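Please read them alongside the structure.

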Amino acid sequence: MAGPDPELAAKLQPDVPHAARIWNYWMGGKDNFQSDRAAGDAVAEVYPEIVLMAQQSRVFLVRAVRYLAAEAGIRQFLDIGTGLPTMQNTHAVAQGVAPDSRIVYVDNDPMVLVHARALLASTTSEGVTTYVPADYHDPEKILAEAAQTLDFDQPIAVMYMGVMGYEPDLDVVRSIVGRTMDAVPSGSHLVLWDGTNTSPAVVSGAERLAQSGGVPYILRSPEELESCFDGLTMVEPGLVPIPLWRAEDPDTVGIDAYGAVARKP
């Protein structure tokens, strides 16, 4: 994969902790800098479960995408705030079930843009994988760009995976999700998870993240997250801690992160 061009390189800011790179570090990836690792370690000191949360977020993504492709018949995915690629990315899971699946990744991180080249190269010959450089605060731009790849007359899975905590205003979050879901047809699905304020330790971890120079992450209650699904029909088991969503092991325990999959009637 070619390296970043000078303009992209100038935007990487290796001395400033960045959310996507910190998350990549927690997931065991190598696409991060010392500033990201320092911020990640600071959070893990007070909330060591953050590493488990990062790992379980990928398990949830895999289960949700596999359900959508294999059981719900979805062939189009709009993954907004995708972050840095690791193993079992959305397109790999979806196209592993249905090779003709079409995936649009969206992120505003220049480092993600650099790595998008690898994602685009690993798609199936039958399917399509593209990348849109955009901020989730501009859903109209995202939808216009995505329409070049996705058919908005057919169901689409819209995914917000652990990213809405970076927007401090819940009304703004609801507006972003609502405007996106209003644009997709009946039979589309919303997949959303985020960290929750369900333990003192995770609250301390969020405080430590902000103190370390990372972008503050707003933890919300499960009830607040559930409001993002208003007007949609929850897929069983509804909004639950992400390790418990269709868990195969009955002894699986929850964490301070809730997610759900819901269908647009």
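1. Buried here means under 20% relative accessible area, exposed over 50%, and partly exposed in between, with a 1.4 Å probe and protein chains only; helices (H or I, at least four residues) are DSSP runs numbered from the N terminus. By that criterion helix α2 (residues 19-26) is mostly covered, with seven of its eight residues buried, namely Ala19, Ala20, Arg21, Ile22, Trp23, Asn24 and Trp26. Just after α2, Gly28 takes a positive phi of about 90°.

2. As to provenance, this is a predicted model, in which local features need pLDDT of at least 70 and side-chain atom pairs count only at pLDDT 80 or more, while totals for chains, interfaces and linings use all residues. Residues are numbered from 1 along each chain as its sequence is written, and side-chain values use heavy atoms, with hydrogens and water left out.

3. A nonpolar core is a set of buried Ala, Val, Leu, Ile, Met, Phe, Trp, Tyr and Cys residues joined through side-chain atoms within 4.5 Å. The largest such core has 46 residues, of which Met53, Leu68, Phe77, Val191, Trp193, Trp245 and Val261 touch the most other members. Helix α4 (residues 49-70) gives the most to this core, with eleven residues. A second, separate core of 33 residues includes Leu78, Met164, Val177 and Leu225.

4. Helix α7 (residues 139-146) packs against helix α8 (residues 170-183) at an angle of about 30°, with axes 10 Å apart; the two are therefore roughly parallel, a label for angles under 35 degrees. Axes are lines fitted to C-alpha atoms over the stretch in contact, and angles run from 0 to 180 degrees between N-to-C directions. Contact (heavy atoms within 4.5 Å) is made by Pro139, Glu140 and Leu143 of α7 and Ile176, Arg179, Thr180 and Ala183 of α8.

Technical notes
Parallel < 35°, antiparallel > 145°, perpendicular 65-115°, else oblique.
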